[in-house]
Amino acid sequence: MTEPSQPSVLLDVTDGVGTITLNRPEAYNSLDIATKELLLETIRAVADDPAVRCVVLTGTGKAFCTGQDLKEHIELLENGGSDLLFTTVDKHYNPIVTTLAGMAKPVIAAVNGVAAGAGASLAFACDLRIVADTAGFNLAFANVALSCDTGASYTLQRLVGRAKAIELLYFPSTVPAADALELGLATKVVPADELAAEVGALAARLAAGPTVALGAIRQSVAYAAGHSFEEAVEVESAMMQKTGATADHRAAVAAFVAKEKPVFEGR
């Protein structure tokens, strides 16, 4: 059980890696209003912190995140709080996932358990999903007669294609880790007891990389997904100018000429 004094979202910044941990294990890391507000604040903080060069999103306990806290949801419906209930998409979910997907640094989802509803959507907005073999994904929205949110309409079909995305959304069921890997929902599946070590090594590698270049690659790919080829190459040009002016680029070129391994500072 979570101690009363512990926040529902934890942040640890160590060696360039900002690890955000959803910390409501007794509620399967579901998202009540207080947690959504703290999660948004935390994601914005790591996005803006130059000391954070890679971000990891994970959960405590048996779940990664099971989406909307339905107990709070029912209370709001019964107590006339429907306005607050359905403005949460604009107030919380959209800015959370937009910041997560748009920040100029790599983001890893360490999927330690089931990721359902908005929890699955958050994982899909990350660049890489390292998934425990005991975990899975469930696009649970239709089961509670709601549309999809938190970017799932955008990210899911880009991972699995439109037809499979519609199938997963129309007929929600838990997609086990092995099937998620085959579909492209998971980047890699590892034994549950090896998840932390696997993600730690990957995050350390990314945090030691050329952060500005990695962020530019991330943003270029995201931009190209919704724009024409001509527009995409214009952004590529701008990003090339931006990264070409970095200290990391100069250091990498000098290291190449000297036949040495470059050391990146993330600037």
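Predicted model: local features only at pLDDT ≥ 70, side-chain atom pairs only at ≥ 80, totals over all residues.
Local features need pLDDT of at least 70 and side-chain atom pairs pLDDT 80 or more, while totals for chains, interfaces and linings use all residues. Residues are numbered from 1 along each chain as its sequence is written, and side-chain values use heavy atoms, with hydrogens and water left out.

**Exercise 1.** Find out where alanine 207 sits and what it touches.

*Solution.* Start with the helix: alanine 207 belongs to H8, residues 195–207 (helices are DSSP runs of H or I, at least four residues, and strands are E runs of at least two, numbered from the N terminus). Next, check cover: alanine 207 is buried at 4% relative accessible area (buried is under 20%, exposed over 50%, partly exposed in between, using a 1.4 Å probe and protein chains only). Last, skip neighbours within four places in sequence, and you're left with contacts to Asp15, Gly16, Val17, Arg53 and Cys54 (contact means heavy atoms within 4.5 Å).

**Exercise 2.** Work out which parts the lysine 188–glutamate 198 pair ties together.

*Solution.* First, the pair itself: their side chains form a salt bridge at 2.8 Å, N to O (a Lys or Arg side-chain nitrogen within 4 Å of an Asp or Glu carboxyl oxygen). Lysine 188 is in strand E10 (residues 188–190) and glutamate 198 in helix H8, so the bridge joins parts 10 residues apart in sequence. Lysine 188 is partly exposed at 37%, and glutamate 198 is too, at 25%.
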